[in-house]
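Me: I'd like to go through the bonds and charged pairs in this one. Can we take it step by step?
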Amino acid sequence: MMTKHRRGVMMLLCLSPLLSGLGCGSSLRPVLATELLGPVVQAPTPDSFSVIWSSVQAAAHAADETRFALRVLDDEGGVVGAFPAECSDGRCLAEADGLAPGVRYRYEVVSTVDGGEVTAILAAGSARTSPPRGNPFEFLAFGDNGPGRESQHALARVMARFSPDLIVHTGDLIFADGALEGYPDRFYEPYAPLLARAAFYMTLGNHDYARDERAPVLDTLILPANGPPDQPAERNYWFDYGDVRFVCIDSNAPSAQVAGSVVPWLEEVLAEAGARWKIVWFHRPIYTHAFHLPAGALRDAVAPVFDRYGVHLVLCGHNHLYERSYPIRAGKPVPEGEGTVYITTGASGQHRYKARPFRPAYMAMQVDSQFSFTVVDVGPDSLCLRQIGERGEVLDEYRLVHAAGP
Ligand SMILES: [Fe+2]
């Protein structure tokens, strides 16, 4: 009997415009690179990274001698290691370990005969292990990319000009209901060049599980399962990369759950962070001035924690425009270095929302006339934020300097 995930992969493959040559009946055949969804880089640490992909052949050949592996290469093409993939119901995962920190490695997804002879290179990409503290890196942030319109695809082509190590998605990945059928043309295809090189993390938006309580994205990605023990896994989590502690919160949870369960966990995660920078992200913005009003109960629960533990930057989506606040502390704008900067970056493809009139005192910048995404360059002493528009122009630039100085 076909399991839930296998059905999902089959549906993805049948619907994908990339896979038009493949029948969706019972005659599963051949190993063709185009039958593969992904690869997607996941979970980089100082000495490892993982790659996931989905494919019909992984499902079809589960019982024969074909095995899949991740082959990691150095700059000159020498093989650093070959790491067997675990495949289940058409999704494969391989983790490369024993690597050096802060190095960008090339990799190939290969099929083999029973783990030995390589029979085909199915896909290739690169990934960077987490760099030692003090080393710079770049990440992208965006959300609300829409139902596969040209606006989404055009912006994705601009994104591909950058070279991030990570992508932090602020939610609403698959409009309108988070359905698995949307993944080929709304996730894998537009972001393919980025997914093959930048580790993808996301927070759940309200659209991500409108149809299914267990959002398909949680079955698609590998997200850290280190959230509050009494909450569903992978909805709240944290990870360190370079000198940043990233913390993801599920802002769809009822406010009583956030206050009673997520906040104590958040305090612990921020208190024990050894990283120089603290960045938190979630879907519903708490300082915003557009179509959706600020999430007031969520703000009451988490903003005091951000103040207490010196969170530098908060990234949200949900409102389909770009917004940047002045540094805020205790609900009020404060001088540079004394508060948290709040960004709304929900303009990456879905219909845009207009900013409301009479900009509040805490709001430094709003752009509602273009689709856009955020590029953050992390350095030892500053975060350099750029909001990039549809034609690659810089719509806003802001340097957040660490209060502790160099
Ligand atoms: Fe939303």
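Me: Start with Arg-245. Is Arg-245 buried or exposed?
Reply: Arg-245 is buried, at 5% relative accessibility. Buried means under 20% relative accessible area, exposed over 50%, and partly exposed in between (1.4 Å probe, protein chains only).

Me: Where do these values come from?
Reply: This is a predicted model, where local features need pLDDT of at least 70, side-chain atom pairs count only at pLDDT 80 or more, and totals for chains, interfaces and linings use all residues. Residues are numbered from 1 along each chain as its sequence is written, and side-chain values use heavy atoms, leaving out hydrogens and water.

Me: Which side chain meets Arg-245 in a salt bridge?
Reply: Glu-272, at 3.4 Å, N to O. A salt bridge is a side-chain nitrogen of Lys or Arg within 4 Å of a carboxyl oxygen of Asp or Glu. Glu-272 is partly exposed, at 48%.

Me: How many salt bridges are there in the whole structure?
Reply: The search finds 19. One of them joins Asp-381 and Arg-276, with the closest N and O atoms 3.2 Å apart.

Me: And are there networks?
Reply: Arg-104, Arg-128, Asp-165 and Arg-197 are linked in a network of salt bridges.

Me: New topic. Which cysteines form a disulfide?
Reply: Cys-87 and Cys-92, with sulfur atoms 2.0 Å apart. A disulfide here is a pair of cysteine sulfur atoms within 2.5 Å. The whole structure has one disulfide.

Me: Why is the disulfide right-handed?
Reply: Because the torsion about the S-S bond of Cys-87 and Cys-92 is about 105 degrees.

Me: Buried or exposed, those two?
Reply: Cys-87 is partly exposed, at 33%. Cys-92 is buried, at 1%.
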